Each structure stands twice: as structure tokens, then as C-alpha cells.
Amino acid sequence: MRTAIYPGSFDPVTFGHIDIIKRASAMVDKLIIGVLRNSAKTPLFSVEERVNMLREVTEGIDNIEIQSFDGLLIDFAKSVDAHIIVRGLRAVTDFEYELQLAQTNKAVYPDIDTLFLVTSVVYSYLSSSVVREIASYNGDISKFVPECVTEKLKEKFDK
């Protein structure tokens, strides 16, 4: 069975993430969406909220699983018997950073490969941080995230 991991913070999940999820899930038997619990960062949404949003927006994609993790991605990959890491690339700068990570991961865990998916052009500018910024000023984010995520962002910023 080909098992892959698509790791990220997903704070919040965007249409760009969903595009990568759909495309990657069609290439593997099982895609595990790994939601990073990073103690060095203060996300807008809790891990549980991010996992729940991902479950809601990926409903109907049968071969995915959503799990949170902390620590090294390689350790998580080993624990779920995954041999592929999926990463989305928006620009050349993403590639330089992701290539270093992929090579380091391969050095640490030779059984892992990284699959780079180029982001669809319509989402090439999109990032969670841009969405959070626009939402914080009550801007229209409907082109960037599903309606359920828009509602969750409004709840966060209306407080």
C-alpha cells in the first residue's frame, strides 16, 4: 500500500491546500494529512479546530486520514508506515526550502521520498497567513477558503 503524508499547519486550511489534497489522494492508496502541533508557534486555531476543519472540507475523499503530530516529520512518517511526503510548491523560493528539507529527510530516513506538487495557478499566491491577515480586517476571503472556514475565521476575529 502506498501511504503518503501531507504535513502542514493548516492554520487555516485554504483552497490551495484542498487542491493539493485532492490531487495527492488520487496518486496514493492512503493520504494522511498531518496537522503539525508546533510548540514554537502560536496558531490562530487549536490543533483540534484545524483537524475538525480539515475533516469537514475533505468529507467525501475516502482514502484520507487526518492526524495531528508533533516532533519530527520523519518520526511521524515511520509511525504511520508512510514512505512519501507530499509538499506543495508555489514559487521558486518554496522549492529551495523544500529541497533542503527533502534531502535532509532522505538522509535521516532513506526509505522516504518527497513528492512535490506545483500549486494550481489560481492558488499560487495563496497562503494561510494572507488569509488570516485579510480576515483580521474583515475582508472578503470567500475566494480563498471554504464557507465553513470563513465562518470559523469570523468567529475568531469577532471576539
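Q: Which residues does Phe 15 touch, not counting residues up to four places away in sequence?
A: This is a predicted model, in which local features need pLDDT of at least 70 and side-chain atom pairs count only at pLDDT 80 or more, whereas totals for chains, interfaces and linings use all residues. Residues are numbered from 1 along each chain as its sequence is written, and side-chain values use heavy atoms, with hydrogens and water left out. Contact means heavy atoms within 4.5 Å. On that basis, and with residues up to four places away in sequence not counted, Phe 15 touches Tyr 123, Leu 126, Ser 142, Lys 143, Phe 144, Val 145 and Pro 146.

Q: Why does Phe 15 count as partly exposed?
A: Phe 15 lies in helix H1; helices (H or I, at least four residues) and strands (E, at least two) are DSSP runs, numbered from the N terminus. Buried means under 20% relative accessible area, exposed over 50%, and partly exposed in between (1.4 Å probe, protein chains only). Phe 15 is partly exposed because its relative accessible area is 24%.

Q: Where is Thr 3 placed, and is Thr 3 buried or exposed?
A: Thr 3 belongs to strand S1. Among the residues that Thr 3 touches are Lys 30, Ile 32, Val 80 and Ile 84. With a relative accessible area of 6%, Thr 3 is buried.

Q: What covers the buried residues of H6?
A: In H6, the residues Cys 148, Val 149, Thr 150 and Leu 153 are buried. Their cover includes H2 and H5.

Q: Which element gives the largest share of the lining of the largest pocket?
A: On a 1 Å grid over the protein atoms alone, a pocket is an open set of points where a 1.4 Å probe fits, with protein on both sides within 12 Å along at least five of seven lines; lining residues have an atom within 4 Å of a point. Of the 42 residues that line the largest pocket, the closest to its centre are Pro 7, Gly 8, Ser 9, Arg 87 and Glu 98. The largest share of this lining, 9 residues, comes from H4.

Q: What is the angle between the planes of Phe 95 and Phe 116?
A: Rings of Phe, Tyr and Trp (its six-membered ring) pair if their centres lie within 6.5 Å; planes under 30 degrees apart count as stacked, over 60 as edge-to-face and the rest as tilted. Tyr 6 and Phe 10, both buried, form an edge-to-face pair at 5.4 Å centre to centre and 75 degrees between the planes. Phe 95 in helix H4 and Phe 116 in strand S5 (residues 113-118) are 21 residues apart. Their pair is edge-to-face, at 5.8 Å centre to centre, and the angle between the planes is 65 degrees.
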